[in-house]
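Visitor: I would like to learn how to read the places where parts of a protein meet. Could we go through them slowly, with the general idea before each case?

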Amino acid sequence: MAGNNPNSKPMNLTLKVWRQKNTNASGQLVTYNVKDISPEMSFLEMMDVLNEDLLRQGQDPIAFDHDCREGICGMCSLYINGRAHGPESGTTTCQLHMRKFSDGDTIVIEPWRANAFPIHKDLSVDRSALDRIQQAGGYVSVNTGGVPDANEIPIPKSIADKAFDAATCIQCGACVAACKNASAMLFLSAKVSQLALLPQGQVERKTRVENMLAQHDEEGFGSCTNIGSCAAECPVGISLENIAILNREYIVAKATSENV
Amino acid sequence: MSWFTKTFSSTIGRKLVVALTGLFLCSFLVVHLIGNLQLFSADEGIAFNAYTYFMTHNPVIRAMEIILLLGFVFHIYEAYALSRRNQGARSVKYAVNHLDQNSSWSSRNMGLLGTVIFIFLLVHLYNFYFKLKFGEIGLDAQGNKNLYAITEEAFSQWWYVALYVISMVALAFHLIHGFQSAFQTLGLNHKKYTPAIKAVGYVFSIVVCAGFAAMPLYFFFFK
């Protein structure tokens, strides 16, 4: 099938990949050549081909994060040729295909870089800082007992849509990787506005935003300077409007909450 | 820490101070520009010098001067503190990074632009404010200190005119990002108003900076 497609001529590529043994080791870019890469492969499948080669040669394969490989889980990362998740907008790395590159290209592959994301190994980074921000307040209280009927609480369609759009965040960390300040504000704002917009999120509303921002700052992420790189690179299109919502949630919470 | 210090040492709290002081400084630019437009009146500086006398003797203006100084101090200090934090959030830089493909140059270089404006501010204060306060200045026909003559003299030097014009270009780029960014930081983002805020910010930046830049150019080429 691949042979019938005029655009599917196999490619030879030069890869410059960040190799680092562990969190504390110093790393460097190592050059690899990969041959006969089908344009129909995903970027991660191309990495699999390289790792097969490395294994056959008795070398240590390159560690990189991946799971569902269909753009849902948020596990794949990779800073490809200076862009989070590569040159395409609105995609994760597993949704990036080799047809976006040309025969003979050199591709530089680096891990997400932020001090709050320590490198496990090679291209795999520890993103648990985002989990800790979520744990600091990204939840709602529910009553035990009988299961309530669906749609029991009336919510305007526009609000439900906005909350849902915020809820599509897959916590991949591309916003942090792309931000020149390594800020996690787009992630944080999606989590805060998703719950602040809905009636179910009102109980913890003020305490939530206070605690989640405190955790964000404690993890060592930078601050937002409204440059917009995060939203441009976000694979699910989280809007910058969420950061404005976060800012006003925080200002109102700090001015009026009972927490002194 | 009390809730107050916690708020204003957080990333959003510091940004809030930068945004509020930034908008306050924008209001100063408007007043400063309107007042200085009297440099263009064809009376050899009589109106401008009278205005200078008013500005240096009115008690309300004197008080505002202190608030203005505080505005600058907080704006610069908080922006500097945030920049330090932000630079420290990524110790190992990317070997290849194409921020040019997802953000504007001015938005990424607010610190650099701010530094150019700060240096300009020091030169500007030395040249006019300090001369007016502590220097020997001649009097005009009305008996007011002749700041107009000082201005005329300063703007007869080409390098001085060049410094002013370059600084105003830097200020324009600083404002193009800063003006609309301040509203975003205050949480004021709404589909009804944000397009208007962005348009007003753009026009404001160009008009104000072009107005200031016109003054040295006017003296250099037409006086």
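Guide: Let us begin with buried area, which is the accessible area (1.4 Å probe) that two parts lose on being put together, summed over both. In this predicted model, chain B and chain A bury about 3,500 Å² between them, and 50% of that area lies on carbon and sulfur atoms. On the side of chain B, Ile12(B), Arg90(B) and Tyr94(B) supply 18% of the area that chain B buries against chain A, more than any other three residues.

Guide: As for the ground rules, this is a predicted model in which local features need pLDDT of at least 70 and side-chain atom pairs count only at pLDDT 80 or more, while totals for chains, interfaces and linings use all residues. Residues are numbered from 1 along each chain as its sequence is written, chains are lettered from A and ligands numbered from 1 in the order in which they are written, and side-chain values use heavy atoms, with hydrogens and water left out.

Visitor: How many residues does the contact take from chain B and from chain A?

Guide: Contact means heavy atoms within 4.5 Å, and by that rule 36 residues come from chain B and 47 residues from chain A.

Visitor: How many salt bridges are counted between chain B and chain A, and how many residue pairs in polar contact?

Guide: A salt bridge is a side-chain nitrogen of Lys or Arg within 4 Å of a carboxyl oxygen of Asp or Glu, and between chain B and chain A the count is zero. A polar contact is a pair of N or O atoms within 3.5 Å; within protein, one must be able to donate a hydrogen and the other to accept it, and residues adjacent in sequence count only if both atoms are side-chain atoms. Between chain B and chain A there are 31 residue pairs in polar contact, both at pLDDT 80 or more.

Visitor: Into which domains is chain A divided?

Guide: Domain bounds come from an automatic or database domain assignment, which here gives domain 1 (2-120) and domain 2 (128-140 + 155-256) of chain A. Their centres, taken over C-alpha atoms, are separated by 29 Å, and the contact takes 17 residues from domain 1 of chain A and 17 residues from domain 2 of chain A. These two domains of chain A bury about 1,200 Å² between them, with 59% of it on carbon and sulfur atoms.

Visitor: Which side chains meet in a salt bridge?

Guide: The count between domain 1 of chain A and domain 2 of chain A is one salt bridge. The side chains of Arg83(A) and Glu233(A) meet in a salt bridge, at 2.4 Å from N to O.
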